[in-house]
Amino acid sequence: MITMNDIIREGHPALRKVAAEVAMPPSSEDKEILNSLIEYVKNSQDSETAQKYGLRSGIGLAAPQINVLKRMIAVHVTDNKGQLHSYALFNPKIVSHSVEKAYLTSGEGCLSVDRQVPGFVPRYARVTIKAMDIDGNPVKVRLKGMPAIVFQHEIDHLNGIMFYDHIDQGNPLQPIPDATPVDR
Ligand code: K2U
Ligand code: NI
């Protein structure tokens, strides 16, 4: 199982690289890696397991964060209507998005960043994602709110982008004009 020792931290060059597409159909090794990502996110949200293994709670994780430069992400997050969005995906791609922006009012964090970085992160309010599931079947999901934000944070990791790259350093806590605030 993945623990915090397996998660690389900012400064590690892999966090600034572009990850490679995963060949389809997925190999058993790639399926195991993807499974370990979703297992981490679920474990980290189980207080007993998180405490036992010292896991930092996460709602998403991308393969580059465990030094695997392949396009794989896991997301396990409940939206503000209480609907669970749980995905383990290969080669996710934002195929369309709203013009409208949104941002998490609490700002964002990252399992690979051991410090608070205050500031609002502009994201698309709604995204349509195409990807392959763990068995190599095509998936298409339309997301808004917190799940949309998490997917954008994780897909950024596949392109070597960190959440704070999007923050307006001149005025980090300036609410983003014409954007929808999203509460956790
Ligand atoms: O990719 C990661 O490092 C996991 C991130 C995911 C994230 C997505 C969107 C906005 C913030 C973070 C976090 O560490 S998960 C921790 C967390 C948990 C609940 C709400 C926000 C952040
Ligand atoms: Ni992150």
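Buried means under 20% relative accessible area, exposed means over 50%, and partly exposed lies in between. Arg9, with a relative accessible area of 27%, is therefore partly exposed. This structure is a predicted model. The protein chain averages a pLDDT of 97, and 100% of its residues score at least 70.

**Confidence**

- Among the elements of the chain, strand β1 (residues 60-62) has the highest mean pLDDT, at 99.
- Strand β8 (residues 179-182) has the lowest, at 96.

**Salt bridges: Arg9 and Asp114**

- The structure holds seven salt bridges.
- One of them joins the side chains of Arg9 and Asp114, at 2.8 Å from N to O.
- This pair links distant parts of the chain, 105 residues apart.
- Arg9 sits in the segment before α1 (28-44). Asp114 sits in the loop between β4 (101-104) and β5 (123-124).
- Asp114 has 52% relative accessibility, so it counts as exposed. Arg9 is partly exposed.

**Salt bridges: Lys70 and Asp30**

- Lys70 forms a salt bridge with Asp30. The closest N and O atoms are 2.7 Å apart.
- Lys70 belongs to the loop between β1 and β2 (72-78), and Asp30 to helix α1. The two are 40 residues apart, and the pair links distant parts of the chain.
- The relative accessibility of Lys70 is 26%, so Lys70 counts as partly exposed.
- Asp30 has a relative accessible area of 5%, so Asp30 is buried.

- The side chains of Arg123 and Glu108 meet in a salt bridge, at 2.9 Å from N to O.
- Arg123 lies in strand β5 and Glu108 in the loop between β4 and β5, so the pair ties together parts that are 15 residues apart in sequence.
- Both Arg123 and Glu108 are buried.
- Asp156 also takes part: salt bridges that share partners join Glu108, Arg123 and Asp156 into one network.

**Ligand 1**

- Ligand 1 is surrounded by 17 residues. The closest are Gly60, Gln65, Leu111, His153 and Glu154.
- An N or O atom in the side chain of Gln65 is 3.0 Å from an oxygen atom of ligand 1.
- His153 has a polar side-chain atom 3.1 Å from an oxygen atom of ligand 1.
- For His157, a polar side-chain atom lies 3.4 Å from an oxygen atom of ligand 1.
- On its own, ligand 1 has 490 Å² of accessible area, and the protein covers 93% of that.

**Strand β3: Asn91**

- Asn91 is found in strand β3 (residues 84-97).
- Its relative accessible area is 12%, so Asn91 is buried.
- The side chain of Asn91 reaches the backbone nitrogen of Val22 at 2.7 Å.
- Leaving aside neighbours within four places in sequence, Asn91 is in contact with Glu21, Val22, Met24, Arg71, Lys130 and Ala131.
- Asn91 has a positive phi of about 50°, although it is not a glycine.

**Strand β3: Pro92**

- Pro92 also lies in strand β3.
- With 4% relative accessibility, Pro92 counts as buried because that value is under the 20% cut-off.
- Pro92 and Ala131 are 39 residues apart along the chain. Their C-alpha atoms are separated by 4.2 Å.
- Not counting residues up to four places away in sequence, Pro92 touches Arg71, Ile73, Ile129, Lys130, Ala131, Ile155 and Leu158.
- Arg71, Lys130 and Ala131 are among the contacts of Asn91, and they are also among those of Pro92.

**Other backbone features**

- A cis peptide bond joins Met24 and Pro25, with omega at about -5°.
- Pro25 is placed in the segment before α1.
- Asp178 has a positive phi of about 60° although it is not a glycine.
- Asp178 lies in the loop between α3 (145-158) and β8.
- The relative accessibility of Asp178 is 77%, so Asp178 counts as exposed.

Conventions
Residues are numbered from 1 along each chain as its sequence is written. Chains are lettered from A and ligands numbered from 1 in the order in which they are written. This is a predicted model: local features need pLDDT of at least 70, side-chain atom pairs count only at pLDDT 80 or more; totals for chains, interfaces and linings use all residues. Side-chain values use heavy atoms; hydrogens and water are left out. pLDDT is the predictor's confidence in each residue, from 0 to 100. Helices (H or I, at least four residues) and strands (E, at least two) are DSSP runs, numbered from the N terminus. Buried means under 20% relative accessible area, exposed over 50%, partly exposed in between (1.4 Å probe, protein chains only). A polar contact is a pair of N or O atoms within 3.5 Å; within protein, one must be able to donate a hydrogen and the other to accept it, and residues adjacent in sequence count only if both atoms are side-chain atoms. Contact means heavy atoms within 4.5 Å. A salt bridge is a side-chain nitrogen of Lys or Arg within 4 Å of a carboxyl oxygen of Asp or Glu. A residue is near a molecule or strand if one of its heavy atoms lies within 4 Å of it. Accessible areas come from the Shrake-Rupley method with a 1.4 Å probe; for residues, only the protein chains shown count as cover.
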